[in-house]
Amino acid sequence: MKKFEFRLQKVLDFRAAMEEMAKDAYLDARNKRIEAEALITAIEDRRREILEGTGNSLAERQSTDDLMIRLDDEKRSQMTIISVLRSEEDSFNSEWIKAKQDREALEKLREKAQVDYDLEISRSEQKELDEWSVTRRLA
């Protein structure tokens, strides 16, 4: 008997590769978002450090105020970047889920084809045994 061969195996392999690529793209987008959020945390930490070390002179307070304004601007721009990165991450996640569903659909077809093949092999073997037993009785 010939061994089982899934006729859509190349398509299944392609879809598995596409799923892996979609997963990698999602994970990269997620890492970029996490790094951007870490920058916000660093900005907030820097802000706290500056507020704790504020001097009493007018010049020091003015430079601290200017620095706080700059840090607030950086934080706002970083929040905008994070919102863009979140939407990209959601998009890549959707693509990954779709690619995973496509691969799983082909996996189910492969499993069904394997079951059908095994059933056909079993029937064929049973048929041969039946024929052998009939010819044996006649002899």
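Predicted model: local features only at pLDDT ≥ 70, side-chain atom pairs only at ≥ 80, totals over all residues.
1. What does R47 form a salt bridge with? The partner is D72, and the closest N and O atoms are 2.8 Å apart. This pair links distant parts of the chain. R47 sits in helix α1 and D72 in helix α2, 25 residues apart. D72 is partly exposed too, at a relative accessible area of 27%.

2. Now the overall fold. The protein chain has two helices and zero strands. Helix α1 covers residues 9–52. Helix α2 covers residues 58–138.

3. Look at the shape. The C-alpha trace spans about 120 × 20 × 15 Å along its principal axes. The radius of gyration is 32 Å, whereas a compact globule of 139 residues would have one near 14 Å. Of the 139 residues, 19% count as buried.

4. Salt bridges deserve a close look. The structure holds twelve of them. One of these joins the side chains of E37 and R86, at 2.8 Å from N to O. E37 belongs to helix α1 and R86 to helix α2, so check both helices when you trace the pair; they are 49 residues apart. E37 is partly exposed, with a relative accessible area of 24%. R86 is partly exposed as well, at 43%.

5. R33, E37, R86 and E89 are linked in a network of salt bridges.

6. Which residue forms a salt bridge with K75? That residue is E44, and the closest N and O atoms are 2.8 Å apart. K75 lies in helix α2 and E44 in helix α1, so this bridge ties together parts that are 31 residues apart in sequence. K75 is partly exposed, with a relative accessible area of 30%. E44 also counts as partly exposed, at 27% relative accessibility.

7. Finally, the surface charge. Which residues form a negative surface patch? They are E125, E128, D130 and E131. E131 lies in helix α2. Is E131 buried or partly exposed? E131 counts as partly exposed, because its relative accessibility is 46%.

Key:
Residues numbered from 1 in each chain as written. Heavy atoms only, no water. Patch = residues over 30% accessible without salt bridge, like charges linked within 9 Å, V, L, I, M, F, W, Y side chains within 5 Å. Areas by Shrake-Rupley, 256 points an atom, 1.4 Å probe, with all protein chains shown as cover. Salt bridge = Lys/Arg side-chain N within 4 Å of Asp/Glu carboxyl O. Lys, Arg positive; Asp, Glu negative; His and termini not counted. Charge placed at Lys NZ, Arg CZ, Asp CG, Glu CD. Helix = DSSP H or I, 4+ residues; strand = E, 2+ residues; numbered from the N terminus. Buried < 20%, exposed > 50% of the residue type's maximum accessible area, 1.4 Å probe, protein only. Rg over C-alpha atoms; globule rule 2.2 N^0.38 Å.
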